[in-house]
Amino acid sequence: MERSVVVSIEKQMVDENKEDWKGRRADKLKYGGMRAAVLILAMISFENLGTFSLAVNSVPYFSGIMHYSIPDSANMLTNYMGTGYILAIPVAILSDTWIGRYTSVLISGLFEFLGLALLTAQAHYSSLKPPSCNLYVITSHCKTPSGGQEALLYIGLYLLAFGSAGVKASLPSHGADQFDETDPEEARAMSTFFNTLLLAVCIGGAVSLTFIVWIQIHRGWAWGFGIGTIVILLGVIIFAAGLPLYRFRVRQGTNDIIQIIQVYVAAIRNRNLLLPEDPAELYEIKQDKEAAEKIEFLPHRNILRFLDRAAIQVKDDVESEKPPSPWKLCRVTQVENAKIILSMIPIFCCTIIMTLCLAQLQTFSIQQGYTMDTTFTKNFQIPPASLPIIPICFLIIIVPIYDRIFVPVMRKITGVPTGVTHLQRIGVGLVLSCISMAVASIVEVKRKRVARDHNMLDAVPILMPLPISTFWLSFQYFIFGIADMFTYVGLLQFFYSEAPKGLKSTSTCFLWSSMALGYFASTILVKSVNGATKHITRSGGWLAGNNINRNHLNLFYLFLSIVSLINFFIYLLVSTRYKYRSQGPSVPAANSNK
């Protein structure tokens, strides 16, 4: 009896699913917990501090220093952002399957450091960039970068994008690994970690949007990039120093995303086989008590039945003593996981438009700010690129209010533990993004009217600011900031709650890929709009040229608002037909086969 009690206590003190840095089972008193998570939060904050300014202030660098046109500069930024998000998917697979999250974060951080170091060198040495020239003067003939200079710019930029992808894919999951989700006390600590993670992101972003942006504008881009480089290196060192404190999840040698792909491959290979009428004839491993504790089992559902072909057993598979090839025969649970992912894709697609709108606030809205009066006080001017600090500050205030006041009130009304469902939360954000673009169109009409009334349509940005405060742009930033809180956080919660058990740790990749497609769509849309309106406007396109006072940015914003509204109605149609995982139609579990 005493021995069993001792064994029980030992199990409570050990995280069975994690190991320490020497490969032993992780002792909860020595490894992990909030003590180790603090170092991870520091890395997250430093990473955002060093790189976030690029997301909002790189267009002036591409156009003013490297002499690309404003539309091309905007597309360069959205391509960079999109690449940084889309690469998170293969890096997550690599991290979870082979190299581990800790190693992935270290390598990714070093890639970020190297990328920023190259950008710093290019901004510092005049031989690595085009000669100085004012792009906004009509009579000037500014040289674009040479082949070598352009190659250096893209190498630095995409090394940074690759590193950023690795950090996004691995760092939050490694932070969650420091807690045992089966331990109620540590599960609460994990919740605290995720709340603090958002705070760390906001703090790093706030410093980047103010201090780093101010340095870039007033002390030069080399100083701005250089400080970011040092900050990234400091973050990597702090993170690496936690090696003796961390818990590490045991690498699986396989990955659930790969298992999803196996279902599609097997279904295609078995496309000529007839589906059995009885789902119990589909393949599943033997389910016993011991296996059920370690392996996930899901009942068959009578939806998306074309995927069931991946689980059709043929005579050779039944009689063979060798385990079947997973690329030809998959478990019912594997197939059901694939069905869950496929059924979430329409929701995923409806959120792409929102990131497309976000891309405009990070590009064209910043250019608007450079033409306006940035005076905050008599002795201080706020850089236009620092305007996103407004929604960040509001988020720091609103998130606790939402969590502590709104959710409890709505919980009493709706009976939903989260106040509103994840899909309802996403829908609210989509509506707000539509309103944000409409407000942006109205503000741009006012800004252009001021330029026209004061005969300043050809005024040089920064040097000749329009007599209208840049804080007019805060309305669209504020509304979109609230939309961000609803849709992106709601989307993250939706994917996490609906995703298969083995995909929960990498479910953030679905959010990153949605944002990546939004940024890439922005690049395509800008070029398409310019091409479609080239012959019907005097400026040669709604967004053509470097003088936004003479183009038609207001019409572009209005167009995005209309597209967002149409997207919202499509989302309503899709979301009302979606059934949560627990509500899905199902049939009795398949009989266990060999």
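Before we zoom in, among contacts between residues at least 6 apart in sequence, what percentage join residues at least 24 apart?

Guide: That figure is 81%. Keep in mind that this is a predicted model. The chain has 594 residues, and 52% of them are buried. As for secondary structure, you're looking at 19 helices and 7 strands. The chain exposes about 27400 Å², with carbon and sulfur atoms supplying 64% of that area.

Now for your greasy bit. There's a nonpolar surface patch of about 870 Å², made by Leu199, Ile203, Val207, Phe211, Ile396, Ile397, Ile401, Ile405, Val409 and Ile413. Two elements give two or more residues to this patch: helix H7, spanning 184-218, and helix H15, spanning 389-414. H15 makes the largest contribution, with 6 residues. Take Ile401 as an example, which sits in H15. Ile401 counts as partly exposed because its relative accessibility is 44%, and the cut-offs for that class are 20% and 50%.

Along with helix H2 (33-64), H7 supplies at least two residues to the lining of the second largest pocket. That pocket holds about 510 Å³ of space. Its lining counts 21 residues, and the closest to the pocket's centre are Pro60, Gly64, Ile65, Trp221 and Ile462.

Follow the chain on from H2 and you reach His67, in the loop between H2 and helix H3 (70-86). His67 has a positive one, near 70 degrees. His67 is also buried, because its relative accessible area is 4%, under the 20% cut-off.

Leu304 is another non-glycine residue with a positive phi, about 45 degrees. You'll find Leu304 in the loop between helix H10 (289-294) and helix H11 (315-319). With a relative accessible area of 29%, Leu304 is partly exposed, whereas His67 is buried.

One more stop, at helix H4, residues 88-99. Its buried residues are Ala88, Val91, Ala92, Ile93, Ser95, Asp96 and Thr97.

Conventions
Residues are numbered from 1 along each chain as its sequence is written. This is a predicted model: local features need pLDDT of at least 70, side-chain atom pairs count only at pLDDT 80 or more; totals for chains, interfaces and linings use all residues. Side-chain values use heavy atoms; hydrogens and water are left out. Patches are made of residues with over 30% relative accessible area and no salt bridge: like charges are joined within 9 Å, nonpolar side chains (Val, Leu, Ile, Met, Phe, Trp, Tyr) within 5 Å. Accessible areas come from the Shrake-Rupley method with a 1.4 Å probe; for residues, only the protein chains shown count as cover. A salt bridge is a side-chain nitrogen of Lys or Arg within 4 Å of a carboxyl oxygen of Asp or Glu. Helices (H or I, at least four residues) and strands (E, at least two) are DSSP runs, numbered from the N terminus. Buried means under 20% relative accessible area, exposed over 50%, partly exposed in between (1.4 Å probe, protein chains only). Contact means heavy atoms within 4.5 Å. On a 1 Å grid over the protein atoms alone, a cavity is a set of points where a 1.4 Å probe fits but cannot get out, and a pocket is an open set with protein on both sides within 12 Å along at least five of seven lines; lining residues have an atom within 4 Å of a point. Grid points are joined across faces, edges and corners, and a volume is the space filled by probe spheres set on the points.
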